[in-house]
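Subject: Structure handover

Hi,

Here is the structure I promised you. Have a look at it first, and then read on for what I found.

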Amino acid sequence: MAQSLELLLIQFLMPDNDARRQAEDQIKRLSKDPQVVPALVHHLRTAKTPNVRQLAAVLLRKKITGHWGKLSPQLRQLVKQSLIESITVEHSPPVRKASANVVSIIAKYAVPSGEWPDLLPFLFQCSQSAQEEHREVALILFSSLTETIGNSFRPYFADLQSLLLKCLQDETSNRVRVAALKAVGSFLEFTHDETEVMKFREFIPSILNVSRQCLASGEEDVAVLAFEIFDELIESPAPLLGDSVKSIVQFSLEVCASPNLESSTRHQAIQIISWLARYKSNSLKKYKLVGPILQIMCPLLAESTDRDEDDDLAPDRAAAEVIDTMAINLAKHVFPPVFEFSSISSQNANPKFREAAVTALGVISEGCLELMKGKLEPVLRIVLGALRDPEQMVRGAASFALGQFAEHLQPEIVSHHNIVLPCMLNAVEDASDEVKEKSYYALAAFCEDMGEDILPYLDPLMGKLLGALQTSPRHLQETCMSAIGSVASAAEQAFVPYAERVLELMKIFMVLTNDEDLRSRARATELAGIVAMSVGRARMEPILPAFIEAAISGFGLEFSELREYTHGFFSNVAELLEDGFTQYLPHIVPLAFSSCNLDDGSAVDIDDSDGDENVTEVGGVSSDDEAHDEPRVRNISVRTGVLDEKAAATQALGLFALHTKSSYAPYIDETLKILVRHSTYFHEDVRLQAIISLKYILTAVQAVFQNHNEGIAKIKEVFDTVMEIYLKTMSEDDDKEVVAQACMSVADIMNDFGYMAVEPYVPRLVEATLVLLRGESTCQLIESDSEADEDDTEHDEVLMDAVSDLLPAFAKSMGAQFAPIFAQLFEPLMKFAKQSRPPQDRTMVVATLAEVAQHMGAPIAGYVDAVMQLVLKELGSPDATNRRNAAFCAGEMCKNGGDSVLKYYTDVLSRLHPLFGESEPDNAARDNAAGAVARMIMAHPDSIPLAQVLPVLLQVLPLKEDYEESTPVYGCICNLVLSSNSQILAFVPQLVNIFAQVAVSPVETPEVKVHIGRAFAHLMSLYGHQMQPLLGNLSPAHANALAAIAPKS
């Protein structure tokens, strides 16, 4: 075989394709015989040309796995010996490397079984050889062996690390340093042991030296190995030392700022900064690296790129991602330098810098939202100025930034509608389609929450949007429809005049069937549902069947996005029609089931390259019976369309159950199965909708079974299933939004079903709440920085708001019995009230304490001192929400805190006083202050100087915004009147005026009006005809309303 094989190897390397193919077929046939192994070894050692020796080694690597077990011990020894000789004696580097690859494969079997005891000692000896080639090949083998027999190195780990460090610092050979760098990468990829990883931190200066040398000599592909190593170090649980972080950042920034380097190299460097911002943000803050990073990243936004290259590698896009990540994790350190960059760059003569100025502001708006809300006017000046820029790229970036502001800076941004919307109206008529598209997106985000503020703009907006919808290309029509949807949501009934025209146009879109039109059809289906919600059931119900029929027919077009938006359309229709939707359930529910049961369509790419780049592709030489090496998973991609469709279908099932209640009975079991499955789905969007829908299915189950004999058992069965899922989610889910939703759902269930229903779960609910308050649940640990500060404020506000909602829910369902549980939760909650915490944390605590005091009652007295000190501070907060909640809490503490609160009365009145004055800009804060004073009077009337307090209280009535305060405020006043209190009777003219305004108010409840009516009747009985002049001063509407609520004698 040996002789014929040598000829075939030579023939295989010939340029003649036919000769090659014949050789390949012959080699493939011979390769089935185990004797091919010694024949290939022979040629590896004796063939005259390096190409033939290398090809022999490559074939040997492919065949050895399948044949190793069939070789005699003598042959195995020969193979091992020949390979060692090839490694040490061979002059050709490619042949040495190919031989090393074979050693790596054999070692996988021979070392663990004890067949090759002298391999590792040989490698250590080689690595200290005076010959550069020996040191290099030893390191190459250490790299490849780590992937196959890494555990066999464990006893030698310390020696190996010392050896690698020494080789990284090899003064005579760049090849050895590079091989050492690759070996370090392999070992770090292999080990996840914290102490072993920490040892590698000492290597960082040497790694940086080698990488800098490689960059200087043009070996970028080797230099980027450093970034792969840093990637491993950053993601490891072991903390990076300060100096390490500084040197890694410095090197990465040098690479980022070098436009002569390859895009992929610079992208790797930017990615390292991004990872540090995500996983080690406290280190960046601690070592003052935020400023230096932004000094490089912000100008990168202005870097011109060749749009033919991969957009994902473009430095401006990658830099935007870094700035976004830093803003989310380090908001207060990021906003000032970015704002300064934007202010200066907005005046730059270079349009790329003017574009970068507004792009930067748009990018940080999610992370820096609180800081930007405080600087909205100067920020908007920059962006609205850019919207009028002569350069299209700058106007496009300004439209993008406005869209981001509209999404993240609510509700404050909407209060600037008088300057923002006219600019947007101009932008939708821009000459550039790109600017138009981004302007529609901005309009869609801006208008949605405007409410009645949109009314003055409704006609010009709809004129331009309807015109554009009929004349624009498809992609613009899609974003235009999104904008119309937001306008309709905000305008509600005021949208009726435009609804007919919009729906007529939607009908046209909803029957399109060409592939290129299906995205527009999806948007049209969504818009039809939004318009239906705006104009109401009475107008829509007669014309809905045609839209529903068109929506159902879209399911046959095999377009995931259309199905997704159609589920959203059906969800809206179910909410609109409620019981009227029952007739459509048999046609629509199976469609949602079908989407929920779709295959996920995960696509995994396998990288099975063997790394022997210097050999012509060997193609089909591998034998069919060969046991292959394990392939390496390169990346996993998921068809997101299916994900979004599943999330929409999961949401729809819950809403169908909620709105049709007992009519949903036939679908409950199958829906519950799907929701249970989706509650542990791999993607958080689907889990989130399952968690929401589970609560709705519980509502339907209760409606279906509450009057059945076996119903109680069925309700309990479903209730238990749902509660177990919520508890598991709170403790084990790794997504904060999903956990927050589980907490909110549990709070709702406690409020809806009462304490008896949740009693068996209370101990575990309390434990889960405690873990969340301490920041120790799975979702809070997943991104934790090992160098986190104790007072780190960068936690998830949405999550903690949801967790804090659980305490009032417990208190409301348990009353005073909540006291022993509250004792466990109080200290962990108060951690969020420290002065070092942001204002939104402190007000969350104050609002929670207020509601707990309200529902738990007398046991709150034990916490008066700790709570009142916090409340008195918060009453002076510059933030209106904080003042509101503090006033509400002060009132509830005074009402329920017993005698122990009396010592604070003077201080509370003093701190509340400014909230009644003209300097208080917030009506709700003033209303809450009125509620607090009313509660104080009712709780301890003798401790309040009524003569001084009543005129101040009465001058702010009637209430302007927070009508939940009506009961305590008017209750207090009416009780004083009904008891003929002399102090209150000094203000009869004011009282009549206030009572008349309450009587005519459309927002006050009948109960409040009945109380007011009694008090007014009492005044009439006391003063009789003296009241006539006061009544004569009222308008007829007010006088009639007051007469109508007075009890008839």
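Before anything else, a quick word on contacts: when I say two residues touch, I mean that they have heavy atoms within 4.5 Å of each other. Also keep in mind that this is a predicted model.

With that cut-off, Val 255 touches Leu 215, Phe 227, Leu 261, Thr 265, Arg 266 and Ala 269, if you ignore residues up to four places away in sequence. Val 255 sits in helix α14, which covers residues 242-256. Its relative accessibility is 1%, so Val 255 counts as buried. If you want a distance to check on screen, go from the C-alpha of Val 255 to that of Leu 208: they are 12 Å apart in space and 47 residues apart in sequence.

Now the whole chain. The chain has 54 helices and two strands. The C-alpha trace spans about 130 × 75 × 65 Å along its principal axes. Of the 1049 residues in the chain, 56% are buried. Taking the contacts with a separation of 6 or more, 74% are between residues 24 or more positions apart.

Next, two helix pairs.

Helix α3 runs over residues 36-46, and its axis comes within 10 Å of the α5 axis, with a crossing of roughly 20°. Angles under 35 degrees count as roughly parallel, and α3 and α5 are therefore roughly parallel to each other. The crossing of α3 past α5 is left-handed. On the α3 side you will find Val 37, Pro 38, Val 41, Leu 44 and Arg 45, and they meet Leu 75, Val 79, Ser 82, Leu 83, Glu 85, Ser 86 and Val 89 of α5. By type, the residues of this contact between α3 and α5 are eight nonpolar, two polar and two charged.

Is Leu 83 buried or exposed? Its relative accessible area is 0%, so Leu 83 is buried. Leaving out neighbours within four places in sequence, Leu 83 is in contact with Leu 44, Leu 60, Ser 99, Val 102, Val 103 and Ile 106.

From α44 the contact uses Pro 839, Thr 843, Val 846, Ala 847, Leu 849, Ala 850, Glu 851, Ala 853 and Gln 854, and the α46 residues in it include Thr 881, Asn 885, Phe 888, Cys 889 and Met 893. Sorted by type, the residues in the contact of α44 with α46 come out as ten nonpolar, six polar and two charged.

Then there are the aromatics. How many aromatic pairs are there? The count comes to 14. In one of them, the rings of Phe 581 and Phe 656 have centres 5.2 Å apart and planes at 35°, so the pair is tilted. This pair links distant parts of the chain, 75 residues apart: Phe 581 is in the loop between α32 (560-577) and α33 (585-596), while Phe 656 is in helix α34 (residues 640-660). Both Phe 581 and Phe 656 are buried.

Phe 822 and Tyr 863 make another pair, with ring centres 4.8 Å apart and planes at 75°, so this one is edge-to-face. Here too distant parts of the chain are linked: Phe 822 is in helix α43 (residues 819-830) and Tyr 863 is in the loop between α44 and α45 (864-874), 41 residues apart. Phe 822 and Tyr 863 are both buried. They also belong to one aromatic cluster together with Phe 810, Phe 818 and Phe 826.

Last, a charged residue to look at: Glu 561, which lies in helix α32. Buried means under 20% relative accessible area, and Glu 561 has 18%, so it is buried.

Cheers

Terms used. Residues are numbered from 1 along each chain as its sequence is written. This is a predicted model: local features need pLDDT of at least 70, side-chain atom pairs count only at pLDDT 80 or more; totals for chains, interfaces and linings use all residues. Side-chain values use heavy atoms; hydrogens and water are left out. Helices (H or I, at least four residues) and strands (E, at least two) are DSSP runs, numbered from the N terminus. Rings of Phe, Tyr and Trp (its six-membered ring) pair if their centres lie within 6.5 Å; planes under 30 degrees apart count as stacked, over 60 as edge-to-face and the rest as tilted. Buried means under 20% relative accessible area, exposed over 50%, partly exposed in between (1.4 Å probe, protein chains only). Axes are lines fitted to C-alpha atoms, for helices over the stretch in contact, and angles run from 0 to 180 degrees between N-to-C directions. Angles under 35 degrees count as roughly parallel, over 145 as roughly antiparallel, 65 to 115 as roughly perpendicular and the rest as oblique. A crossing is left-handed if the near helix is turned anticlockwise from the far one by less than a right angle, and right-handed if clockwise.
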